[in-house]
Amino acid sequence: MADYLLSLITFFPLLGMLMLLFIPRDNAGLLKSFALAVTLITFFISLPLAFDDIFASSGAMQYREFHEWISIGSFFKMNYNIGIDGISLWLVMLTTFIMPIATLSTWKSVDKNVKGFMALLLLLETAMLGAFVSLDLFLFYIFWELMLIPMYFMIGIWGGKNRIYAAVKFFIFTAVGSLLMLVAIIYIYYYAVTAGAPIEGFGVQEFYQLGIPSGIQHWLFLAFAFSFAIKVPMFPVHTWLPDAHTEAPTAGSVILAAILLKMGTYGYIRFAIPLFPEALQTYLPYLAFLSVVGIIYGSLVAMMQDDVKKLVAYSSVAHLGFVMLGIFALNLQGMAGGIIQMVNHGISTGALFLIVGFLYERRHTRQISEFGGLAHKMPILATIFLIITFSSIGLPGTNGFVGEFLALVGAFESGLRWYAVVATTGVIFAAVYMLWMYQRVMFGKITNPENEKLKDLSVREIVLMVPLVIFVFWIGIAPNTFLSKMNPAIEQLLIQVKSQQVAVVDPVLPVIAQNLELK
Amino acid sequence: MYDYLWLIPFFPLVGFVFNGLFGKKIRNEAVIGGIGTLMIFLSFLVSCGNFYALLQDSEKVHQRVIASWMSVGDLQVDWGFLLDPLSALMILIITGVGTLIHLYSIGYMHGETGFYRFFAYLNLFCFSMLMLVLGNNALVMFVGWEGVGLCSYLLIGYYFEKKSAGDAAKKAFVVNRIGDFGFLCGLLTLFWALGNKGVWTINFVEIAENAHLLESGGLIVTVVTLAFFLGACGKSAQIPLFTWLPDAMEGPTPVSALIHAATMVTAGVYMIGRMNGLFAMAPDTMMTIAVVGACTALFAATIGLAQNDIKRVLAYSTVSQLGYMFLAMGVGAFTAGIFHLMTHAFFKACLFLGSGSVIHGMHHGYHHAHLKDDPQDMRNMGGLRKKMPITFWTFLLSTIAIAGIPLFSGFFSKDEILWWSFGSNRGHWLLWLVGAVAAGMTAFYMFRLVFMTFFGEQRTDPRAKDHIPESGLTITIPLMVLAALAVVGGYIGIPAILGGANHIKQFLDPVFGKAIALNQIEAHGTHALEYSLMAVSVGIAVFGIFLAWVMYVKNPALPARFVASFPGLWKAVFNKWYIDELYDAVFVNNCKRIGTFLWKGFDVRIVDGIVNGTAWVVKGIGSGLRYTQTGFLHNYAMGMVVGVVVIVGYYILGK
């Protein structure tokens with residue numbers, strides 16, 4: 001069983017999708033219940049991963065599965081090669097955890113072509129899980145592209161007024177990046193084969209050892225970095241995000257924010273950084289700079305939004321800036337902070353999109369000015385919204401603080417000290433835009449008569465939010481549950497990066513070498 | 001006993017969870033208020049036990065770790081508590097004053113729809129504040145630090161349907177966040193700097209032990225302490241971050257007493273005291289602190305002179321008194337700063353609760369007469385001493401204490417601060433002068449308040465004036481206890497020159513003694529000098545009281561004449577020197593402008609412009625290239641012919 005656990009988790013939603021196709025399309029209730037059951041079962045079969053103590057002691061890949069898959073002569077080989085370490089573990093768990101919540105959120109909001117929506121939802125889950133567990137670059141690419149399609153249709157068919165523009169923009173931005181990455185992937189393989197390296201397919205861990213010459217590394221790194229930067233999204237290629245988020249249906253926004261954006265940051269950790277450590281040294285200051293700009297920029301623009309959903313979307317740009325800054329610190333604290341902040345962002349921003357969804361379902365508007373005084377009518381929502389707001393602001397005791405603090409500690413200890421100081425001002429702006437929004441929506445007197453008849457959260461809606469709130473405090477108060485299982489993997493990754501960089505001494509920017517000496 | 005330290009913050013947390021979850025269903029005020037008060041009282045008992053144990057103990061520093069919080073490489077953070085004389089004193093103040101204010105709130109908040117919410121928040125506040133002072137490392141302190149900020153936000157915004165309350169709550173949190181930015185920067189720099197010396201720690205005891213690794217007076221120590229001081233400025237409402245505190249008076253009065261006078265706002269002072277080893281090593285920072293403190297003390301006092309809202313006067317008074325505490329910390333008089341923190345907690349809590357009692361009475365009167373007048377405006381008061389005798393007498397005693405009249409608590413602590421600002425080798429006579437002038441103003445505006453409220457003609461609307469009752473026992477008992485403390489609280493710190501033993505100094509010596517000795521901070525001067533300075537400051541205070549008497553009792557027409565002769569000055573003072581307007585113009589509006597520009601100018605025009613432009617170009621090229629694929633055979637044939645001609649021509653001519 002354990003031998004195939006990862007495959008089972010990954011493809012169970014796909015299996016569910018195939019079965020779902022046999023359910024009559026007019027039975028919306030059954031379709032939704034079935035999809036929910038599939039995502040829930042996926043979550044439960046993935047639980048043993050989170051409880052496996054092997055991750056606390058070993059940074060190596062676990063639950064490996066390797067099968068030869070496609071081979072064209074002796075030249076082209078591509079394998080079904082999957083496994084997880086303490087880094088991808090939490091992203092897999094985040095995915096299986098968020099999906100039932102996202103599915104349950106569609107109960108009242110999706111009534112058009114339910115069958116199609118649920119099928120796409122399940123297909124998307126398999127694609128995302130597949131991308132997180134792939135250890136073969138080509139396999140990763142297949143899942144990566146596979147994710148694009150369901151999301152494109154979710155925005156384009158079930159989205160808001162401007163959905164076509166948003167869907168096309170989302171598709172083009174991401175596709176441009178993907179194509180560059182595809183070229184780079186093929187080039188690495190071509191290089192490895194012509195260099196006579198002993199490789200089996202596109203195995204990423206074998207590619208780590210290639211020692212690609214620095215001239216080539218630069219181009220390859222840029223291709224990967226650009227592709228992932230769009231997905232994160234980093235400034236200035238973030239403009240697809242506000243449109244996509246605003247137009248997407250609630251479940252789509254939740255998945256997009258909570259999981260899909262993590263593909264970009266994960267891509268840096270798993271591929272761009274360890275594959276091209278040398279090129280990274282050159283570009284790291286620029287990327288760190290863009291991360292910090294993202295924090296400030298996202299916050300300032302979020303502040304001025306009059307659409308709640310756009311505000312949350314821009315706040316994502318700022319939050320992901322913290323993630324990237326932590327990762328680029330290239331030390332234990334920074335990486336751990338970045339990774340835990342990825343999970344945090346999934347929880348907090350996912351929750352925020354759910355809340356916006358609750359409001360939208362009741363009022364069919366997202367304009368902040370339409371609301372005001374809602375705390376009178378919806379005390380339960382007011383409480384949950386407040387908790388999530390402060391989690392997003394990064395109040396100590398909530399998850400947001402742990403991630404931001406670790407990322408900042410890491411950045412500060414590395415050569416990114418000044419970047420860290422500037423990034424720290426983000427804590428001020430976050431308070432400004434979140435509290436201002438909260439005040440305008442929840443506080444004050446009810447001025448709009450439409451709001452007089454609002455109903456507080458239903459049991460279903462509370463059930464959606466409670467697990468998220470639990471994790472807000474769990475990660476905030478006892479993050480060691482998660483940190484202890486990611487530390488060995490991060491250490492291994494850093495050793496890997498370091499070993500490649502020691503061979504090449506770059507006198508201009510010895511940022512990384514300096515970090516590792518400090519240990 | 002120390003093993004039960006965790007119980008001190010735990011009890012209020014239980015109260016918070018209980019009232020937060022079930023308060024709404026219970027509805028019974030006696031149960032809700034009773035549980036809230038009981039929880040903090042239990043904390044008080046445990047605090048007393050620990051305090052007593054520490055008094056008996058020769059070992060003065062005790063740490064207890066509950067669990068590991070974050071463990072990543074060199075960064076090891078625990079959920080841990082620290083009991084030493086400083087935190088022992090603080091927990092006594094917090095739980096003691098806290099219990100009285102909880103009790104008071106049962107009467108004061110009677111009949112409020114959000115009664116349960118209020119008590120839940122109040123308990124949560126006590127929990128956070130106790131975490132702040134008990135934390136054994138800077139990060140647990142930060143949990144409390146931001147936690148009290150959160151509670152402050154929630155309690156200022158308690159009447160959230162009022163826009164002004166929502167605005168004030170947000171302002172308080174955001175301005176505090178500016179300070180928190182400083183706190184975080186200081187913490188990060190310190191962690192890194194000590195780490196570079198081989199000690200990765202944020203534990204207070206270890207920081208104190210290893211502070212000597214850093215260069216005394218060097219850049220790093222100065223930067224670290226200045227950054228922490230920025231944090232203190234936010235929390236303790238010092239220049240330039242003081243503007244949130246007066247607005248915070250939107251919260252219910254017990255909140256003003258507990259959070260915005262007695263405990264939370266003193267957190268900055270406590271933090272400097274907690275890290276005195278570092279601060280003492282940075283003379284430049286100390287000087288900055290002293291100057292900022294003295295300026296704040298004076299500046300806030302000037303604004304206090306002209307306010308008519310009874311709580312606003314007290315708010316500016318608080319800002320001003322906090323300035324004194326910072327002045328003390330800045331000149332190295334750590335003990336005096338903490339001493340003043342304590343006496344201030346007594347008399348200012350009493351003053352706020354007294355003002356609450358007055359407001360309560362006024363409100364009752366107006367309510368009875370169905371009037372909508374402002375129950376906080378002192379111009380509507382006057383002559384209340386006969387209506388509310390207990391409130392009056394307790395208020396008067398506390399006012400005498402804050403004015404610095406000998407034998408009352410405020411005298412001893414304030415005098416100690418003034419003496420150190422003059423005589424300390426980190427002090428200066430100018431600092432003393434500013435402090436003394438501010439003390440005169442304090443005496444003036446406090447007695448102005450007393451005279452306007454309790455003396456003279458009753459200016460209340462005649463329909464309401466006979467319906468202003470004295471408050472009930474739950475309100476008057478805390479007043480009496482606090483007034484008694486405001487009178488006698490200073491006796492633990494009678495200096496040697498007045499024949500006292502200065503117990504508090506000896507008690508706190510294990511905390512401050514080392515840094516003071518290491519950095520050779522001391523106050524010099526003859527006894528004659530010390531006596532004369534004392535006499536001068538008392539003289540100034542008495543003069544302030546006299547002036548207030550002349551202007552508000554003897555000749556009440558005088559203030560109007562004064563206003564008429566200096567209209568510009570009066571307007572500027574009344575409008576708080578227009579600082580809020582200045583900040584709005586410089587920071588708030590510009591941030592909004594930049595945000596709008598980045599969004600509509602950069603995102604929409606430039607980035608999307610490029611993207612949409614590229615799309616447009618591609619589309620153009622595409623439609624141009626469409627002509628190459630017309631599907632007509634003769635067009636393709638034509639193309640081939642042209643191609644052949646070009647290639648052949650190239651070879652012929654090229655050769």
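**Figure 1. Chain A as a whole.** Chain A brings together 23 helices and two strands. Its radius of gyration is 22 Å, close to the 24 Å from the globule rule for 519 residues, so chain A is as compact as a globular protein of that length. Please keep in mind that this is a predicted model. Along the principal axes, the C-alpha atoms of chain A fill a box of roughly 70 × 55 × 45 Å.

Figure 2. Of the 519 residues in chain A, 69% count as buried. Among the chain A contacts with a separation of 6 or more, 81% come from residues 24 or more positions apart. As for charge, chain A carries 28 positive and 29 negative side chains, with the centres of the two sets 11 Å apart.

**Figure 3. Helix α10 of chain A and its surroundings.** Helix α10 covers residues 214-231 of chain A. With 18 residues at 1.5 Å a residue, α10(A) should span 26 Å, and its end C-alpha atoms are 25 Å apart, which agrees. Which residues of α10(A) are buried? They are Q217(A), H218(A), L220(A), F221(A), A223(A), F224(A), A225(A), S227(A), F228(A), A229(A), I230(A) and K231(A). The cover over these buried residues includes α7 (137-158), α8 (163-194), α11 (240-247), α12 (250-275) and α13 (277-303) of chain A.

**Figure 4. Helix α11 of chain B.** Now we move to the other chain, where helix α11 takes in residues 267-274 of chain B. Eight of its eight residues are buried, so α11(B) is largely enclosed by the rest of the structure.

Figure 5. A403(B) belongs to helix α16 of chain B, residues 389-403. Is A403(B) buried or exposed? Its relative accessibility is 1%, under the 20% cut-off, so A403(B) counts as buried. Leaving aside residues up to four places away in sequence, A403(B) touches K414(B), A443(B), F447(B), A541(B) and I545(B). For a sense of distance, A403(B) and I101(B) are 302 residues apart in sequence, and their C-alpha atoms are 23 Å apart in space.

Note on methods: Residues numbered from 1 in each chain as written. Chains lettered and ligands numbered in written order. Predicted model: local features only at pLDDT ≥ 70, side-chain atom pairs only at ≥ 80, totals over all residues. Heavy atoms only, no water. Helix = DSSP H or I, 4+ residues; strand = E, 2+ residues; numbered from the N terminus. Rg over C-alpha atoms; globule rule 2.2 N^0.38 Å. Buried < 20%, exposed > 50% of the residue type's maximum accessible area, 1.4 Å probe, protein only. Contact = heavy atoms within 4.5 Å. Lys, Arg positive; Asp, Glu negative; His and termini not counted. Charge placed at Lys NZ, Arg CZ, Asp CG, Glu CD. Expected span 1.5 Å × (residues − 1).
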